[in-house]
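Subject: The structure I promised you

Hi there,

Here is the structure we talked about. Have a look at it first, then read on.

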Amino acid sequence: MSGSKDHHRNDFLGPDLERIRAETFVTQIEFHDELPSTNDRALELAEKRAPLAPLLVLTAAQTAGRGRGSNRWWADGGALTFSLLLQAEAPQLPQRDWPQLSLTAGLAVCEAVEELVEQATLLKWPNDVYLRGRKVCGILVEVPRNQQGLLVVGIGINVNNSSRSAPAELQNTVIALCDVGGRQFALNDALRIVLNRLSQRISLIGKRDDELRDCWRRRCLLTGRAVHVDLGVRQVSGICRGIDDQGALLVHTKHGTERCFAGVVTLSD
Ligand code: BTN
């Protein structure tokens, strides 16, 4: 935990942990120089005991990051990789609103990235962030086993890990902030900006006004495009008609409009 021996100093993330805690909504920070996966560590903490949330698990080097499904998450040195353990049953985050959490986290990262590089981003439902047509951030939301009331939100952002050092198969599909900005970014500043956007946006979940929904819709990369959604149990193909008020992806198929609450989307146009 913050202040413990886990806080070895590190060029990027060590020195400013106190500032991150003082200037953001997280109350506890666990920092590791190296960790296989911040989501695995956050799930482990949640399953062992009841830690005080909101807790941030942060590492300077993630060696076995996980993506959705069986995907791995590439994160070279200079990437920002962290997980938040959130109290899911806080009044503003009842279970019926969890599908909106993914989109809201994606939206918050979109806004943080726009602030950092001053360029427009798009949100690929449910929560991938795209910059110049390439993926700059992935988000993995997980529910700990045996632990009611907590959620893990894992976020990986390509910051100073240039796509030039990515594995060959990713080189044309990923991008980093440094590729766009032409400079290195301070990871501490980027993290603080993302955390503050997250708390602002999460606090709007469940509110009656349309601010959040308008923001998702305006950035939706899939609207009007031919999509294929793998729902696990079945497949849905059609034209994306946007995102509804609950955060479901609307897909117009020959059998009518399908509402997809979770799934993996590929573009088919
Ligand atoms: C995806 O796009 O499939 C989701 C990628 C999520 C990656 C982040 S990096 C921090 C956290 N720890 C993990 O092991 N995964 C998430």
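Below is what turned up, starting with the ligand and then moving on to the rest of the chain.

One thing to keep in mind: this is a predicted model.

**The ligand and its surroundings**

Start by finding the ligand, which sits in the largest pocket. There are 20 residues around the ligand, and the ones that come nearest are Ser37, Gln62, Arg66, Arg68 and Lys135. If you sort this shell by class, you get 11 polar, five nonpolar and four charged residues.

Which parts of the fold supply the shell? At least two residues each come from α2 (38-48), β3 (65-66), β5 (80-87), β8 (134-142) and β9 (150-157). Strand β8 gives the largest share, with four residues.

Now zoom in on the nitrogen atoms of the ligand.

- Arg66 uses a backbone N or O atom, 2.7 Å from a ligand nitrogen.
- Gln62 uses a polar side-chain atom, 3.0 Å from a ligand nitrogen.
- Asn39 uses a polar backbone atom, 3.4 Å from a ligand nitrogen.

How much of the ligand's accessible area does the protein cover? On its own the ligand has 420 Å² of accessible area, and the protein covers 98% of that.

**Salt bridges**

Side chains of opposite charge can pair when their charged atoms come close. A search through the whole structure turns up 23 salt bridges. One of them joins the side chains of Arg192 and Glu23, with 3.6 Å from N to O. That pair links distant parts of the chain: Arg192 belongs to helix α5 (residues 187-202) and Glu23 to helix α1 (residues 17-23), and the two are 169 residues apart.

**Two spots in the backbone**

Where is there a cis peptide bond? Look between Trp125 and Pro126, where omega is about 5°. Pro126 is in the loop that runs between β6 (121-124) and β7 (128-131).

The other spot is Glu118, which is not a glycine but still has a positive phi, near 55°. You'll find Glu118 in the loop between α3 (98-117) and β6.

Cheers

Technical notes. Residues numbered from 1 in each chain as written. Predicted model: local features only at pLDDT ≥ 70, side-chain atom pairs only at ≥ 80, totals over all residues. Heavy atoms only, no water. Near = heavy atom within 4 Å. Polar contact = N/O pair within 3.5 Å; in protein donor to acceptor, adjacent residues only side chain to side chain. Areas by Shrake-Rupley, 256 points an atom, 1.4 Å probe, with all protein chains shown as cover. 1 Å grid on protein atoms, 1.4 Å probe; cavity = no way out; pocket = protein on both sides within 12 Å on 5 of 7 lines; lining within 4 Å. Sits in = over half its atoms within 2 Å of the grid points. Nonpolar A, V, L, I, M, F, W, Y, C, P; charged D, E, K, R; others polar. Salt bridge = Lys/Arg side-chain N within 4 Å of Asp/Glu carboxyl O.
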